[in-house]
Amino acid sequence: MPMQAADGWLVRVRPLFGRVSAQQALLLADEAERHGNGVITLTNRGSLQLRGFTYEQALLFPRRMVEAGLGLPDPGAEKRRALQVSPLAGLDKDCAVQTLSVAYNLSEQLMSSENLSALPDKFGFVVDGGGLCPAGVLKGDISLQAVAGSDTLWQVVCGVARSEALDVSGVVSLALDLARRFVEQADKTRPLRQPETGCLLFE
């Protein structure tokens with residue numbers, strides 16, 4: 001949903017894995033100049049933020065992004081796709097070769113897990129393959145991190161807790177199970193909150 005700011009209405013788009021094609025980049029630039037104030041910023045959670053829209057154009061923005069392949073028609077699915085990935089995955093030889101495979105696997109599972117729409121709005125996942133630009137510095141409530149020195153093993157990190165080493169299927173399954181248990185164990189009488197520094201769901 002658009003948000004009102006001092007300089008007009010603010011809209012956001014979250015490209016899959018933080019990547020856009022040249023055509024999509026030109027489209028976003030045109031959107032910013034034609035309907036906003038020309039400013040595009042990058043948020044801490046990997047979204048592109050366009051500012052200065054009128055209310056009417058802010059309401060039309062999501063449909064145009066869906067048509068361009070930069071958004072999903074289902075708001076719940078779009079919310080569940082809060083997934084950040086090592087920015088140089090597939091390009092950096094020191095980034096785990098399975099990074100994009102883990103990210104695609106996790107993304108597909110999130111799309112089919114409608115119950116996870118109950119997670120907090122800012123709840124997010126990170127897939128960190130290491131390398132020159134590790135994603136570990138990004139904010140994620142549940143992180144899937146490549147095990148150093150291994151081409152096939154991963155760990156789930158939640159707060160200060162860390163799982164045993166697992167293969168791709170196992171690490172994705174555990175990450176999703178933690179998210180589901182967080183939803184299930186939340187106090188039903190109050191809004192869901194982000195996990196604290198510890199992750200009792202491992203216990």
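A salt bridge is a side-chain nitrogen of Lys or Arg within 4 Å of a carboxyl oxygen of Asp or Glu. Keep that rule in mind as we walk through this structure, which is a predicted model: local features need pLDDT of at least 70, side-chain atom pairs count only at pLDDT 80 or more, and totals for chains, interfaces and linings use all residues. Residues are numbered from 1 along each chain as its sequence is written, and side-chain values use heavy atoms, with hydrogens and water left out.

Next, look at Asp-7 and Arg-51, whose side chains meet in a salt bridge with an N to O distance of 2.9 Å. This pair links distant parts of the chain, 44 residues apart: Asp-7 is in the loop between β1 (3-5) and β2 (8-13), and Arg-51 is in strand β4 (residues 48-53). Here Asp-7 is partly exposed at 33% relative accessible area, and Arg-51 is partly exposed too, at 22%. A further salt bridge joins Arg-81 to Glu-78, with 3.6 Å between the closest N and O atoms. Arg-81 is buried, with a relative accessible area of 10%, and Glu-78 is buried at 18%.

Now stay with strand β4, where Gly-52 is found. Leaving aside residues up to four places away in sequence, Gly-52 touches Asp-7, Gly-8, Trp-9, His-35, Gly-36 and Asn-37, where contact means heavy atoms within 4.5 Å. The C-alpha atoms of Gly-52 and Ala-32 are separated by 8.2 Å, and these residues are 20 apart along the chain.

Let us return to helix α2. Its buried residues include Ala-58, Phe-61, Arg-64 and Met-65, and the buried residues of α2 pack against β2, α1 and β4. Where does this helix kink? A kink of about 30° lies at Phe-61, shortly before the proline Pro-62; the bend is the angle between axes fitted to the seven residues ending at a residue and the seven starting there. Just after α2, Gly-69 takes a positive phi of about 80°. Phe-17 has a positive phi as well, about 60°, although it is not a glycine. You will find Phe-17 in the loop between β2 and α1, where it is buried at 6% relative accessibility.

Finally, which residues line the largest cavity? They are Lys-79, Arg-80, Ala-82, Leu-110, Leu-116, Leu-119, Pro-120, Phe-123, Gly-124 and Phe-125. By residue type, this lining divides into seven nonpolar, one polar and two charged.

Conventions. Helices (H or I, at least four residues) and strands (E, at least two) are DSSP runs, numbered from the N terminus. Buried means under 20% relative accessible area, exposed over 50%, partly exposed in between (1.4 Å probe, protein chains only). On a 1 Å grid over the protein atoms alone, a cavity is a set of points where a 1.4 Å probe fits but cannot get out, and a pocket is an open set with protein on both sides within 12 Å along at least five of seven lines; lining residues have an atom within 4 Å of a point. Ala, Val, Leu, Ile, Met, Phe, Trp, Tyr, Cys and Pro count as nonpolar, Asp, Glu, Lys and Arg as charged, and the others, Gly among them, as polar.
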